[in-house]
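Hi,

Here is the structure I said I would pass on. Have a look at it first, and my notes follow below.

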Amino acid sequence: MEQKQLKQFTFYDLYADILSGLNDMDAGKFAKRICEYEFENAEPTDVMTDKEVFYWSNISDMLAEVKEIEMPGKMPRAISY
């Protein structure tokens with residue numbers, strides 16, 4: 001059975017706030033982690049700094065919740081991030 005994948009997802013201000021707290025190189029890697037998680041169901045496997053681990057722990061539950069809502073094509077309503 002083919003696994004369903006997201007084609008797009010909502011990019012909340014929280015994600016942008018996190019990325020703006022990182023230097024350009026780390027922000028690029030972090031954005032890639034978010035996209036790989038959302039589109040490929042891939043958990044981060046690369047080494048993260050303590051700051052990145054903290055940020056990931058703050059958004060990983062939200063990413064999972066939003067993905068579950070958006071997978072069938074629905075828009076999250078109760079989430080106001």
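Tyr 37 and Trp 56 are both buried, where buried means under 20% relative accessible area, exposed over 50%, and partly exposed in between (1.4 Å probe, protein chains only). Keep in mind that this is a predicted model: local features need pLDDT of at least 70, side-chain atom pairs count only at pLDDT 80 or more, and totals for chains, interfaces and linings use all residues. Residues are numbered from 1 along each chain as its sequence is written, and side-chain values use heavy atoms, with hydrogens and water left out.

Back to the aromatics. The structure holds four aromatic pairs; rings of Phe, Tyr and Trp (its six-membered ring) pair if their centres lie within 6.5 Å, with planes under 30 degrees apart counted as stacked, over 60 as edge-to-face and the rest as tilted. One of them is Tyr 37 with Trp 56, which is edge-to-face at 5.8 Å centre to centre and 80 degrees between the planes. Tyr 37 sits in helix H2 and Trp 56 in helix H3, so this pair ties together parts that are 19 residues apart in sequence. (Helices are DSSP runs of H or I, at least four residues, numbered from the N terminus.) Phe 54 and Tyr 55 make a tilted pair, because their ring centres are 6.0 Å apart and their planes stand at 50 degrees. Tyr 55 is buried too, with a relative accessible area of 17%. Phe 30, Tyr 37, Phe 54, Tyr 55 and Trp 56 form one aromatic cluster.

Now H2 itself. The 17 residues of this helix (24–40) should span 24 Å at 1.5 Å a residue, and the end C-alpha atoms are 23 Å apart, which agrees; the expected span is 1.5 Å times one less than the number of residues. Its buried residues are Asp 26, Ala 27, Phe 30, Arg 33, Ile 34, Tyr 37 and Glu 38. Seen down the axis of H2, they fall within an arc of 120 degrees, so they line one face of the helix; the arc is that of the directions from the helix axis to the C-beta atoms. Asp 24, Met 25, Lys 32 and Glu 40 are exposed on the other side. The buried residues of H2 pack against helix H1 (13–20) and helix H3 (50–70), contact meaning heavy atoms within 4.5 Å. At the N-terminal end, Asn 23 caps H2, with a side-chain oxygen 3.1 Å from the backbone nitrogen of Met 25. Just after H2, Asn 41 has a positive phi of about 55 degrees.

Which residue of H2 is worth a click? I'd pick Arg 33, which is in this helix. Arg 33 is buried, with a relative accessible area of 3%. Leaving out residues up to four places away in sequence, Arg 33 touches Pro 44, Asp 46, Val 47, Met 48, Glu 52 and Trp 56.

H1 has Tyr 15, Ile 18 and Leu 19 buried. Down the axis of H1, these fall within an arc of 95 degrees, so they line one face. The face turned away carries the exposed Asp 13, Asp 17 and Ser 20.

Last, the core. Tyr 15, Phe 30, Ile 34, Trp 56, Ile 59 and Leu 63 touch the most other members of the largest nonpolar core, which has 15 residues. (Such a core is a set of buried Ala, Val, Leu, Ile, Met, Phe, Trp, Tyr and Cys residues joined through side-chain atoms within 4.5 Å.) H1, H2 and H3 each supply at least two of its residues, and the largest share, six residues, comes from H3.

Cheers

Conventions. A polar contact is a pair of N or O atoms within 3.5 Å; within protein, one must be able to donate a hydrogen and the other to accept it, and residues adjacent in sequence count only if both atoms are side-chain atoms.
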